[in-house]
Amino acid sequence: MTLSRLVTLFLVALQLAGCAKGAPEQQQKVRGPAGPPAYGDTLVTGSIGEPSTLIPVLATDSSSGEISGLVYNGLLRYDKNYQLEGDLATSWDVSPDGLKITFHLRHGVKWHDGHDFTSRDVLYTYRVIIDPKTPTAYSEDFKQVQSARAPDPYTFEVVYAKPFAPALASWGMSILPAHLLEGKDITKSPLARNPIGTGPYVFKQWIPLQKVVLEANPDYWEGKPYLSRYVYRIIPDSSTMYMELKAGGLDEMNLSPVQYQRQTNTREFLSRFNKYRYPASAYTYLGYNLRLPLFQDRRVRQAITCAINKEEIIQGVLLGMGQIAHGPYKPGTWAYKPKVDDFGYDPARAAALLKEAGFTMGSDGVLVKDGKRFSFTIMTNQGNDQRLKCALIIQQRLRSVGIEVKIRVMEWASFINNFIDKGQFEAVLLGWTLGQDPDIYDIWHSSKTAPKELNFIHFKDPEVDRLLVEGRGTFDMEQRKKCYYAIQDILAREQPYTFLYVPDALPVVSARVRGIEPAPAGIFYNLIKWYVPKAEQVN
Amino acid sequence: MVNYLIKRILMLFPLLLGITLITFTVIHLAPGEPVEMQASMNPKVSAASKARLRELYGLDKPLYVQYGRWISHLAHFDFGRSFAPDNRPVADKIVERIPITLTLNIIALILEFGLAIPIGILAAVHRDTLLDRGISVFVFLGFAVPTFWLALLCMYFFGVKLSWLPISGIHSLGSDKLPFLARYWDMARHLLLPVAIATFGSLAGLSRYMRSTMLEVLSQDYITTARAKGVKERIVIYKHALKNALLPVITLLGFSLPGLIGGSVIFETIFAIPGMGQLFYQGVMGRDYPLVMGILVIGACLTLVGNLLADLCYAFADPRIRHGKA
């Protein structure tokens, strides 16, 4: 239930996003000609979890992020094609040496309480994030900043110690109102439950564990959003949420693969709702503990990948609602290398590789090397049914090439503390949510293997280390792309993870809502342009 | 009697202290810390900022120091602030959940007792008849059927198919604009399914209990005497037998007191009811120690008070105990 949210790891990407092969799929039946865009009506959306706090620098959960995303703005944002564009900054310059970034801020933007937005707000936001007293999860990127200053109300400059490419993405961080927070303890600020931002929607009401209500900001600099109200209902159970959707209590939710494939193809449903489908910004993987001699042999890892039928997993677990992952990037994003030399499903090759690695078939049908049976445990976290099913399918496939797999499911906190952090695992089945910048230093660099760091499988490759440093140290897209392409080749060869799949995001929206334009970044990027024709407005 | 009361009340304090000590230790024994839950597996959180968070929450101190701090705050009725990112006072979080949980539980409790007692009596009086067996099947069905499954079926049938009842939550959207009575009607409609299903599920225990105590009483000599002297069966049952058979129910009622502020996580999750069950569950999952301790302390107090009240009522109702012990 709510746990599955915790499990979405990289909590950095606040926006629901995602896409791949050009045009995302859309199943819809347009009823009659859509009227012209009209103001009015309410969009009621459902969420499993309740937001924790609406001060974005303090929150890490997706519910808080979704609401904050409508109430606040950052300096920059990603557009529908994953390109950076100005948000509160109209433009920005990077100095030729890559050390200094100058943001030119938008004039005439007002906070929801009527104050002017200026560079003072940006400077405050930066300072509060790096303040050691602020319990924020986002300070790392900002600690790379050497100095920040606001020479005038509409210019903001930051200087970095060395060129740092993820910096631009980091300035997508929501900017906070300095006039309400400066000199106060941010952790006790009333803004946490009553936010005041610059964004398209103004916070109206929050009834704990029931709903959050936002209203259109009539003075929004991009124009007033068409939908007058945005209601975020908290419904902790996904079956209940689905019934609410069918009974008309919700206009929008994310479907599960079963709901998408099996339960929503009735004429009645399709006449009332439009279904969308595009790759989510996440992948699921099987990771090996590279400290163990068993997995130090590259051929063993390659063999396991060959023995796993990823397509079968996608069919079995996601009912086909996903695609094979070959590396740590989402298909369709600029850092993704379309053709890597990955290992396909090939049990014969698996057997050959294992033989080469010195394994012979034992009497009980399990491979043996040096008198030890090839048996290992896959661990995964409790509360994620897809991962468990995935592990079961892998178990059966590996059995057929002579590898015995045990499965252990554990509650998240114990899993991380007692097993991941202590290196007490053999293989894990987990997932990463992808940030929008392709920098993956924290997961793959050899310096990030200390307890509690993210390279917990202990992957160490000098070439990857070098490429990661090079990739984050330049703003030149082509050069970065080369680095990340090369990393994907190495990961495909080394198979430190068996990358399993990229699931699809499956949102469904009431058919009365128009103006939705599926793009690589999904459907939610232009929420302020969604509208309901006058004749179809209900509330 | 007064001495007994004072003794019992004085006993509550060491008991409560013991309970808090044990629970405090036990939740800290569970692996993971609030910091972990917020920051583990997040690439943007460095080890240094995690250490800072721990310091902020006082988790770097030895456990006995943490306990001492917590208990001294508690002595001033300060439950502390939640370790969740919202950092709100624990008391606020609890207070905003209690009304709905109390409402639901009190209605369900009244219904449970109101239905289970007559059902139990009926079953006892018509022992081993078709009626008795039918009742058994009915109440055990309620006991055995998983509530979440029944809830989903009912939601689908009454909410989606027939559109008679709302599916989840406790208010309709826009109900705040309705007039006073209509708002209550709206809320009543929302609570109908949860209350009905909760009651159905809880009938078995109490009604079987009632049946067996009733049977026990009916087999006593004084009942035979009453019948022998020609008292009408109705009076035998409702006047002579029922009075005594109801005595143990007082104890049960006392035991239900702490249950009033507890909620079922599954139930609340399915019906999207913002109650205590979910709050507690999230507290435990997020290792939100102040919140968990706050709820447990309230629960412990209510349990102790409930037991005390039950004992007192019992003594009041049953002269044998009153004179025997005190």
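Chain B has 15 helices and zero strands, where helices (H or I, at least four residues) and strands (E, at least two) are DSSP runs numbered from the N terminus. This is a predicted model, in which local features need pLDDT of at least 70, side-chain atom pairs count only at pLDDT 80 or more, and totals for chains, interfaces and linings use all residues. Residues are numbered from 1 along each chain as its sequence is written, while chains are lettered from A and ligands numbered from 1 in the order in which they are written.

Taken along the principal axes, the C-alpha atoms of chain B fill a box of roughly 85 × 60 × 40 Å. Of its 326 residues, 34% count as buried. A residue is buried if 20 or more other C-beta atoms lie within 10 Å of its own, exposed if 12 or fewer, and partly exposed in between, with C-beta atoms placed from the backbone. Among the contacts in chain B between residues at least 6 apart in sequence, 69% join residues at least 24 apart; a contact requires C-beta atoms, placed from the backbone, within 7 Å.

A nonpolar core is a set of buried Ala, Val, Leu, Ile, Met, Phe, Trp, Tyr and Cys residues joined through C-beta atoms within 7 Å. This core has 190 residues, of which I55(A), L214(A) and I378(A) touch the most other members. Leaving aside neighbours within four places in sequence, I55(A) is in contact with L176(A), I186(A), S189(A), L191(A), A192(A) and P195(A). Another core, of 20 residues, lies apart from it and includes W70(B), M276(B), Y289(B) and I295(B).

One helix pair links the two chains. The axes of α7 (residues 238-246) of chain A and α7 (residues 147-161) of chain B come within 10 Å and cross at roughly 10 degrees. Axes are lines fitted to C-alpha atoms, for helices over the stretch in contact, and angles run from 0 to 180 degrees between N-to-C directions. The two helices are therefore roughly parallel to each other, given that angles under 35 degrees count as roughly parallel, over 145 as roughly antiparallel, 65 to 115 as roughly perpendicular and the rest as oblique. On the chain A side the contact is made by S239(A), T240(A), M243(A) and K246(A), and on the chain B side by L152(B), M155(B), Y156(B), G159(B) and V160(B).

An open sheet of four strands has the order β5-β6-β8-β7 in chain A, with antiparallel pairing. At its edges are β5 (89-94) and β7 (145-152), each pairing on one side only. Neighbouring strands of this sheet are turned by 15 degrees against each other on average, direction ignored. Five bridges join β5(A) to β6 (residues 100-105) of chain A, and D93(A) has T102(A) in β6(A) as its bridge partner. Helix α3 (residues 119-130) of chain A lies across β6, β7 and β8 (155-160), running at about 160 degrees to β7(A).

Further along chain A, six bridges join β9 (residues 201-207) to β10(A) in antiparallel fashion, with Q205(A) opposite V213(A). These two strands form a hairpin with three residues between them, and L209(A) in the turn has a positive phi of about 60 degrees. On to β11 (residues 229-234) of chain A, β10(A) has five antiparallel bridges, and V212(A) is partnered by Y232(A). Five of the six residues of β10 (residues 211-216) are buried, so this strand is largely enclosed by the rest of the structure.

A further open sheet in chain A has three strands in the order β16-β17-β18, again with antiparallel pairing. Strands β16 (360-361) and β18 (372-373) stand at the edges with a single partner strand each, so one side of each is left without a neighbour in the sheet. Two bridges join β17 (residues 367-369) of chain A to β18(A), where K369(A) has K372(A) as its bridge partner.

Conventions. Two strands pair if DSSP finds at least two bridges between them. Two residues are in contact if their C-beta atoms, placed from the backbone, lie within 7 Å.
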